[in-house]
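Trainee: I have this one open and would like to go through it with you. Can we start with the charged side chains?

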Amino acid sequence: MAALILEITTRGLHRYVEISKPVTTVGRALDNDIILSDPTVAPHHLRIERHADDSLELTNLTDVNPTRIGSRVIDALSIQHYPVTLEIGRVRAQLLPRDHPVAATRSIAANSSRGNIFGRSYWAVLLVLLCLLFGGLDFYLNAYNSFKWSELIKYVLRDTVLTIGSFVLAMSILERLLVNRWEIKQLITTVSLMYLLYLGVVRLADGLDYLLSADWPSTLFFFGWYLAAIPAAIGLYLMHISHLPRERSVLLALLIASPLSLPAILQSAQMQSLFDSFSNAASYHNQLSSVDWRFRDSVDIEAFIEQARQLEAGKPAD
């Protein structure tokens, strides 16, 4: 009689029990052969009987949350072909033959190469220090008033540390719930890289605004960052670090990014300017440079005042 395995899935982990006895009982009570502690499982939920012809007979033992195959409730069912997916309460299980193929082995981050930055403590520390350094530099470059160290420290603590810390905390809690483990070093490395990428690309977008005398580069970056970059980073992390299935990772990435992205987009000046001719953000770039490298010619103040005098009330300029 060929051996069969009952695969029980809970929170991304799998438990395997051999079905070798003529009669195997499944339930929450301690006198069962297979004990499932989920509260939706009945004390005596399912009986599995093996026959000499290698067939199985499944018998449901409860009226509350009865055993299902797909969407169909079973009372008694004979099975000869595998695999078979069962829903025992809210516990998902599969009956599998011993020779059932398994997925390819996934490598642990950073174990394949010493130069890999994921999973190495020194890389995580170095990247956090770089985030603090470039976060302070970003504050210095955007400071219009006199520079103060106290303001710099407040900015770094409020923006850099709080941003990285909140992402790491939220993702670590989610990862613990999904796969029942912590990947703190990999998570800190990933969040720090995303923060450094954000600082670099936002500087590039500002430079393009200045170069083109337009605000569409920074607007395009703003929407692309929240709608594409953040979900993509979360999805790649879940797939390649947490090793979740692709479809599940994509769905979770969208769900995780939505509470952050939607409020930021809806309350942004970029979104307001799309639906209203008036915006609280200027339609030109307000960062000056000692090197005037824009494609468009500058307008001196006298010419600007003269153009303003020629405007009629209520009519836009040509």
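Trainee: How many salt bridges does a search of the whole structure find?
Mentor: Seven salt bridges come out of the search. Keep in mind that this is a predicted model.

Trainee: Which residue does Glu18 meet in a salt bridge?
Mentor: Glu18 meets Arg98, with 3.1 Å from N to O. Glu18 is in strand S2 (residues 13-19) and Arg98 is in the loop between strand S11 (91-97) and helix H1 (121-141), so the pair ties together parts 80 residues apart in sequence.

Trainee: Are those two buried or exposed?
Mentor: Glu18 counts as partly exposed, at 40% relative accessibility. Arg98 counts as exposed, at 54%.

Trainee: And what does Arg90 pair with?
Mentor: The side chain of Arg90 meets that of Asp38 in a salt bridge of 3.0 Å, N to O. Arg90 sits in the loop between strand S10 (84-88) and S11, and Asp38 in the loop between S4 and strand S5 (46-50), so this pair ties together parts that are 52 residues apart in sequence.

Trainee: Why does Asp38 count as buried?
Mentor: Asp38 has 17% relative accessibility, and buried means under 20%.

Trainee: How many bridges join S6 to S9?
Mentor: Four, and the two strands run antiparallel; S6 covers residues 56-60. Glu57 stands opposite Ser78 in S9.

Trainee: And on the S5 side, what pairs with what?
Mentor: S5 and S6 pair in the antiparallel sense over five bridges, and the bridge partner of Arg47 in S6 is Thr59. Strand S3 (residues 23-27) also pairs with S5 in the antiparallel sense, over four bridges. There, Thr24 has Ile48 of S5 as its bridge partner.

Trainee: Which residue takes a positive phi in the hairpin of S5 and S6?
Mentor: Asp54, near 70 degrees; the hairpin has five residues between the strands.

Trainee: Which residues of S5 are on the covered face?
Mentor: Leu46, Ile48 and Arg50 are on the covered face, while Arg47 and Glu49 are on the uncovered one. In a regular strand the side chains alternate between the two faces of the sheet.

Trainee: On to helices. How far does H2 reach from its first C-alpha to its last?
Mentor: H2 (residues 149-179) reaches 43 Å with its 31 residues, close to the 45 Å expected at 1.5 Å a residue.

Trainee: Where does H2 bend?
Mentor: At Leu162, by about 35 degrees. Just after H2, Asn180 takes a positive phi of about 60 degrees.

Trainee: What covers the buried residues of H2?
Mentor: The cover includes S2, H1, helix H3 (184-212), helix H4 (216-240) and helix H5 (246-266). Among the buried residues of H2 are Leu152, Tyr155, Ile164 and Glu175.

Trainee: And H4, where is its bend?
Mentor: H4 bends by about 45 degrees at Trp225. The end C-alpha atoms of H4 are 34 Å apart, which agrees with the 36 Å its 25 residues should span at 1.5 Å a residue.

Trainee: Which residues form a cluster with Trp225 through ring pairs?
Mentor: Tyr198 and Phe221 are linked with Trp225 in that cluster. The count of aromatic pairs comes to seven. One of them, Tyr122 with Trp123, is tilted, with 6.2 Å centre to centre and 40 degrees between the planes. Trp123 counts as partly exposed at 27% relative accessibility.

Trainee: Last one, how many helices and strands does the protein have?
Mentor: Seven helices and eleven strands. Buried residues make up 34% of the 318 residues.

Methods:
Residues are numbered from 1 along each chain as its sequence is written. Side-chain values use heavy atoms; hydrogens and water are left out. Two strands pair if DSSP finds at least two bridges between them. Rings of Phe, Tyr and Trp (its six-membered ring) pair if their centres lie within 6.5 Å; planes under 30 degrees apart count as stacked, over 60 as edge-to-face and the rest as tilted. Buried means under 20% relative accessible area, exposed over 50%, partly exposed in between (1.4 Å probe, protein chains only). A salt bridge is a side-chain nitrogen of Lys or Arg within 4 Å of a carboxyl oxygen of Asp or Glu. The expected span of a helix is 1.5 Å times one less than its number of residues. The bend at a residue is the angle between axes fitted to the seven residues ending there and the seven starting there. Contact means heavy atoms within 4.5 Å.
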